[in-house]
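Please keep the sequence and the coordinates at hand while reading.

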Amino acid sequence: MDFRHFFDSKKISFIAIFAVLTTFSAVQAADTATADTIAATSHGAHAEEEFEPTNMIMEHISDAHDWHLWGHTSIPLPVILYTDKGFEFFLSSEFHHGEHDYHGTYYNYRLVDKKKIQVVNTAGGVDEEASKKVWDFSITKNVASMFLSVILLLLVFTSVAQAYKKRGAKAPKGLQSFLEPVILFVRDDIARPNIGHKYARFMPLLLTIFFFIWINNLLGLIPIFPGAANVTGNIAVTFVLALIVLVVVNFSGNKYYWKHILLPDVPWWLYPIMIPVELVGVISKPFALMIRLFANITAGHIIILSLISLIFVFKSLAIAPVSLAFVLFMNVLELLVAALQAFIFTLLTALFIGMAVEEHH
Amino acid sequence: MSFDIGNPSIGLVFWTFVAFLLLLLLLRKFAWKPIMEAIGEREKSIEDALTSAEKAKAEMARLTNENEQLLKAARAERDVILKEAKELKDQIVADAKHLAQAEGAKLIEQARKEIDDQKKRALAEVKNQVSSLSLEIARKVLQKEFEDERKQEALVSDLLKDVKLN
């Protein structure tokens with residue numbers, strides 16, 4: 001059989017990825033540049049405002065109430081506030097990027113630091129007391145991006161499931177054949193070796209965690225609209241994932257697991273030390289999961305953004321090729337990290353579940 | 001600007017929870033279950049196919065072996081039959097030879113007896129002939145001899161000469 005066309009297409013797709021990444025890097029640079037000039041022009045008093053990479057980077061990796069497209073254009077997102085008097089719904093465009101206060105039904109709101117919504121009192125200052133009673137359930141950029149990833153996952157996997165139903169026991173084809181090795185990898189290399197014969201019950205959770213983290217990592221690498229949200233690099237998201245893992249692990253824990261924690265095999269007088277240590281272990285395992293994913297993804301984003309910032313810090317176009325080369329390298333590395341972190345999170349989840357359901361003889 | 005990236009916001013926590021659980025439930029029902037089942041079924045069918053192929057191979061080997069065995073047995077039987085036939089042939093030939101020899105001997109014996117009989121009979125005939133001839137001759141000679149008296153007296157005297165009275 002002739003496999004040449006296959007290598008050709010591989011080469012082509014590699015070139016395509018290369019080109020797309022280069023474009024992304026360029027777009028990212030241009031995007032940051034315009035943001036910078038806008039920031040400079042909007043503060044007309046300072047002829048040339050000092051470029052603050054920290055601000056720019058933090059803005060890019062934090063959540064936002066609108067989804068920035070380019071220049072001054074962004075998609076407004078719904079704001080949902082739960083106050084002590086009731087719910088408030090309005091679009092984030094009402095804030096005009098934080099320049100205007102919004103007169104809501106119950107309070108007046110102001111967007112502070114582009115992301116925090118606070119109550120404004122009659123004197124025009126921020127009412128800290130009232131602000132504490134306002135719970136922000138807005139569909140922020142991260143939430144919207146996450147919904148997008150959820151929809152994508154649902155579309156992809158229901159279609160794959162359809163393919164399985166239609167094709168039965170025949171060989172996989174198309175998207176199905178791309179995802180089947182990944183699914184089998186999760187089953188044969190993550191779930192089975194770590195959990196043992198009871199793995200089937202946890203497969204949906206492990207697969208969902210794996211693909212949810214992976215696709216959000218990937219979407220986070222796209223610097224323009226459908227991506228650009230740092231979902232898995234947000235501690236709230238990793239916190240929820242880790243919390244779910246914590247709950248699942250402890251609820252599936254059998255008597256040996258609890259005996260190991262509450263009645264460890266040590267002399268009784270060591271219990272005052274051992275039991276708290278074991279209990280800390282229960283919390284620290286998911287805590288490490290939360291921090292690891294958050295830190296890895298955020299760090300990757302910070303490095304890429306820092307490399308781009310170099311161009312503006314040096315105020316020289318000459319640095320751009322160097323910077324872009326590094327950004328490109330980092331982007332490719334982040335592609336690996338995206339899958340790697342999804343794998344590690346899933347692997348450790350499986351490992352913790354395995355420890356909880358393990359039978360002792 | 002404050003950098004509170006280490007501070008989870010309640011809204012995102014809530015929505016992540018909702019989104020993830022929803023995703024988990026939907027995917028479990030509509031994706032993971034059918035996919036894992038289909039993969040399991042396919043693996044099972046492949047395993048079954050391999051097992052049956054193995055079985056067919058064993059059966060084939062068994063049949064071939066049996067054929068060989070049969071062939072061998074047939075060959076052995078053929079050899080036995082051939083050997084028996086050869087023995088039978090030899091036996092028959094030997095028997096025939098013996099019979100022929102016996103028959104021949106008998107015939108020769110008979111012939112010899114016949115010849116002896118014939119010879120005896122011929123000899124007896126010759127004897128009779130000779131005796132009658134000699135008698136005739138003797139009679140004729142005597143007749144001739146005793147035609148004159150003197151001769152008869154001479155002979156008697158001769159004879160008496162011979163007879164000595166002791």
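## Terms and conventions

A nonpolar core is a set of buried Ala, Val, Leu, Ile, Met, Phe, Trp, Tyr and Cys residues joined through C-beta atoms within 7 Å. A residue is buried if 20 or more other C-beta atoms lie within 10 Å of its own, exposed if 12 or fewer, and partly exposed in between, with C-beta atoms placed from the backbone.

This is a predicted model, in which local features need pLDDT of at least 70 and side-chain atom pairs count only at pLDDT 80 or more, while totals for chains, interfaces and linings use all residues. Residues are numbered from 1 along each chain as its sequence is written, and chains are lettered from A and ligands numbered from 1 in the order in which they are written.

## Nonpolar cores

The largest nonpolar core comprises 67 residues, and A:A191, A:L206 and A:F210 have the most contacts inside it. Two or more residues each come from helices 4, 5, 6, 7, 9 and 10 of chain A and from helix 1 (10-145) of chain B, where helices (H or I, at least four residues) and strands (E, at least two) are DSSP runs numbered from the N terminus. Helix 6 of chain A gives the most to this core, namely 13 residues.

Leaving aside residues up to four places away in sequence, A:L206 touches A:V186, A:I190, A:A191, A:T346, A:T349 and A:A350, a contact being a pair of residues whose C-beta atoms, placed from the backbone, lie within 7 Å. A second, separate core of 12 residues includes A:I304, A:L305, A:L307 and A:L324.

## Chain A as a whole

Chain A has 10 helices and 8 strands, and 37% of its 361 residues count as buried. Among its contacts between residues at least 6 apart in sequence, 61% join residues at least 24 apart. The domain assignment, whose bounds come from an automatic or database source, gives domain 1 (78-138) and domain 2 (142-357) of chain A, with C-alpha centres that lie 34 Å apart.

In helix 2 (residues 53-61) of chain A, the residues A:I57, A:H60 and A:I61 are buried. Seen down the axis of this helix, its buried residues fall within an arc of 90°, so they line one face of the helix; the arc is that of the directions from the helix axis to the C-beta atoms. What covers these buried residues includes helix 9 of chain A.

## Where the chains meet

In the model, 33 residues of chain B are in contact with 41 residues of chain A. The residues on the chain B side divide into 24 nonpolar, 6 polar and 3 charged, where Ala, Val, Leu, Ile, Met, Phe, Trp, Tyr, Cys and Pro count as nonpolar, Asp, Glu, Lys and Arg as charged, and the others, Gly among them, as polar.

A:T158, placed in helix 4 of chain A, touches B:F30 and B:A31, and counts as partly exposed because it has 17 C-beta neighbours inside 10 Å. In helix 1 of chain B lies B:I108, which counts as exposed because it has 10 C-beta neighbours inside 10 Å. The C-alpha atoms of B:I108 and B:L23, 85 residues apart along the chain, are separated by 122 Å.

## Confidence

The mean pLDDT (the predictor's confidence in each residue, from 0 to 100) of chain A is 82, and 86% of its residues reach 70 or more. Where pLDDT is low, the predicted coordinates should not be read in detail.

Terms used: Contact = placed C-beta atoms within 7 Å.
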